Amino acid sequence: MIEVVRSGLLTTVQDLGRPGYAHLGVARSGALDAPALIRANRLVGNPDGAAGLETTLTGITFRADVRTTVAVTGARSPVRVDSEPVPFGAAFGVASGSVVEVGSAESGVRAYVAFAGGVSVAPVLGSRSTDTLSGLGPPPLRPGFVLPLGRSSPDAPGPPAPGDADSSTEPAAGEAVIRLRFGPRHDWFSVTARDALLESPYTLSVKSNRVGARLSGTTLSRAVGGELPSEGLVLGAIQVPADGQPLVFLADHPTTGGYPVVGVVDAADLPLLAQARPGTTVRFASWT
Amino acid sequence: MMAVTQDKPRGAATMRVRPVGANALLLEVDDPPAWFTELWRLRAGGQLPAEDIVPGARTVLLDGLPDPGAAAELVRGLAPPAPTDPGGTASALEIPVAYDGEDLPAVAELWGTDTRGVVERLATTELRVAFCGFTPGWAYLSGLPPELAVPRLPTPRSRVPAGAVGLADAYAGIYPTASPGGWRLVGRADVSLFDPDRDPPALLTPGTRVRLPDRART
């Protein structure tokens with residue numbers, strides 16, 4: 001078990017989510033920077049889909065009530081065990097009773113904390129992820145929360161794949177280039193708007209969250225007026241609401257929506273958006 | 001709308017297939033719930049490896065396709081599924097409603113009738129789950145004619161209780177949990193719409209036929 005001492009801005013339990021229930025209005029959820037969670041899991045010898053913690057900007061502090069192995073990946077952050085620094089992006093042992101502190105991120109937004117055996121709260125519809133939109137899964141962590149850990153596999157920690165530990169998905173130099181495919185409703189927008197989406201820079205808004213990365217910049221004008229009958233949404237859909245400012249749907253996105261989707265972001269680029277800080281410049285590039 | 005679909009000879013309906021990113025397709029179809037049922041059957045039979053099949057108001061989304069090209073070819077070759085028979089033999093799910101919603105008078109005015117007329121209409125119309133969304137367990141219930149469409153409230157209520165029955169556009173819906181909401185409230189139902197420990201977790205799945213009888217009369 002671990003006990004939360006300081007929960008940070010927003011820390012949730014995340015695994016790879018619960019796809020397969022979108023027809024019932026259930027979002028997929030799961031780690032926003034899934035490759036980072038997978039790296040952390042591999043470092044401690046877990047299967048890729050084991051549940052860990054996703055922090056937001058300011059990290060987390062917790063006390064381990066058992067001896068365990070931990071790894072922190074994602075947003076580069078100082079990590080300390082009983083005030084002694086330990087390496088980021090590598091597995092380290094924690095004695096029972098030790099306090100682990102993941103400090104504020106030096107870059108990026110979301111750090112991932114994996115424990116050998118994974119966080120073993122009860123799964124909901126096959127996943128332990130918190131869905132911040134609907135409230136499914138465990139609630140966001142608060143000080144005093146106790147989380148059970150699963151039994152680790154006997155040969156943990158496994159060796160990380162080459163280059164795994166150091167790889168990072170943070171946007172370089174305050175600018176993220178995101179690849180998109182136009183459609184399904186690109187024809188609801190003027191050619192000027194489609195050009196503007198590719199040519200003008202957008203800024204990541206502070207209103208971004210696990211539901212979506214909200215962008216501000218050139219208003220995308222519509223070629224077709226009126227309302228779009230609600231239709232299914234995919235992860236990475238770039239929806240354009242009435243104000244013409246695009247938003248990219250992330251893991252906790254609604255399953256259907258009535259605003260046109262001008263394009264879809266390449267899944268490989270979603271971690272960049274998950275790790276981009278508010279104010280980051282976002283540029284879109286066409287990708288086929 | 002139902003009659004138009006039924007009268008169409010099989011194979012005559014046109015389907016437009018729109019690519020969505022690298023692994024999904026959006027199918028524009030005449031009868032999304034019927035297509036949903038058909039595509040779900042194909043997936044269960046191993047012919048359609050989709051991770052999610054999501055009906056919308058006029059579409060069905062196939063998401064998580066390993067090979068969208070092959071899936072597009074498969075669905076283009078399908079005959080339109082037979083529409084779900086509104087007067088079919090299987091009985092519709094009955095959810096009794098206490099018709100005492102605060103927007104009943106406003107809906108009556110929009111419909112050009114009195115509140116009794118609204119209740120009578122809602123209690124006797126067979127509805128069908130067209131699609132889900134908004135929140136787990138929320139179902140958009142179709143079956144009201146387009147001329148009875150009502151606009152959403154100009155300012156949504158900050159809190160609508162669980163079980164509230166509302167109208168928006170030509171849809172009816174029941175709030176699974178307390179939440180903000182802009183639908184016009186006509187009544188209350190005492191029903192568990194979503195329970196993750198149930199299989200399926202949602203009571204109202206796409207294609208399900210539903211009746212909302214007046215609780216005062218049952």
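This is a predicted model: local features need pLDDT of at least 70, side-chain atom pairs count only at pLDDT 80 or more; totals for chains, interfaces and linings use all residues.
1. A residue counts as buried here if 20 or more other C-beta atoms lie within 10 Å of its own.

2. Among the buried residues of H1(A) are A:Arg39, A:Asn41 and A:Arg42, along with A:Leu37 and A:Ile38. The cover over H1(A) includes strands E2 (12–14), E3 (52–54), E5 (68–74), E8 (91–94) and E10 (111–115), and also helix H3 (270–275), of chain A. Just after H1(A), A:Gly45 has a positive phi of about 80°.

3. Chain A also holds a closed barrel of seven strands, in the order E12-E19-E16-E17-E14-E13-E20, and its pairing is mixed. From one strand to the next, the twist averages 40°. A:Ile238 has A:Gly263 in E19(A) as its bridge partner. Helix H2 (residues 191–199) of chain A packs on this sheet, where it touches strand E12 (175–182), E19 and strand E20 (281–286) of chain A. The direction of H2(A) makes about 120° with that of E20(A).

4. Between the chains, 25 residues of chain A are in contact with 34 residues of chain B. The side of chain A that touches chain B consists of twelve nonpolar, ten polar and three charged residues.

5. Chain B is divided into domain 1 (2–76) and domain 2 (93–217). Their centres, taken over C-alpha atoms, are 27 Å apart. Seven residues from domain 1 and six residues from domain 2 of chain B make the contact. On the domain 1 side, helix H2 (residues 32–44) of chain B gives the largest share, four residues. That side of domain 1 has five nonpolar, two polar and no charged residues.

6. Helix H5 (residues 115–124) of chain B has both buried and exposed residues. B:Val118, B:Val119 and B:Leu122 are buried. These three cover an arc of only 95° around the axis, which puts them on the same side of H5(B). An α-helix has 3.6 residues a turn, so residues three or four places apart point the same way. B:Arg116 and B:Thr124 are exposed on the other side of H5(B). Helix H4 (104–111) and strand E13 (184–189) of chain B are among the elements that cover the buried residues of H5(B).

Terms used. Residues are numbered from 1 along each chain as its sequence is written. Chains are lettered from A and ligands numbered from 1 in the order in which they are written. A residue is buried if 20 or more other C-beta atoms lie within 10 Å of its own, exposed if 12 or fewer, and partly exposed in between; C-beta atoms are placed from the backbone. Helices (H or I, at least four residues) and strands (E, at least two) are DSSP runs, numbered from the N terminus. The arc is that of the directions from the helix axis to the C-beta atoms. Two residues are in contact if their C-beta atoms, placed from the backbone, lie within 7 Å. Domain bounds come from an automatic or database domain assignment. Ala, Val, Leu, Ile, Met, Phe, Trp, Tyr, Cys and Pro count as nonpolar, Asp, Glu, Lys and Arg as charged, and the others, Gly among them, as polar. Two strands pair if DSSP finds at least two bridges between them. Axes are lines fitted to C-alpha atoms, for helices over the stretch in contact, and angles run from 0 to 180 degrees between N-to-C directions.
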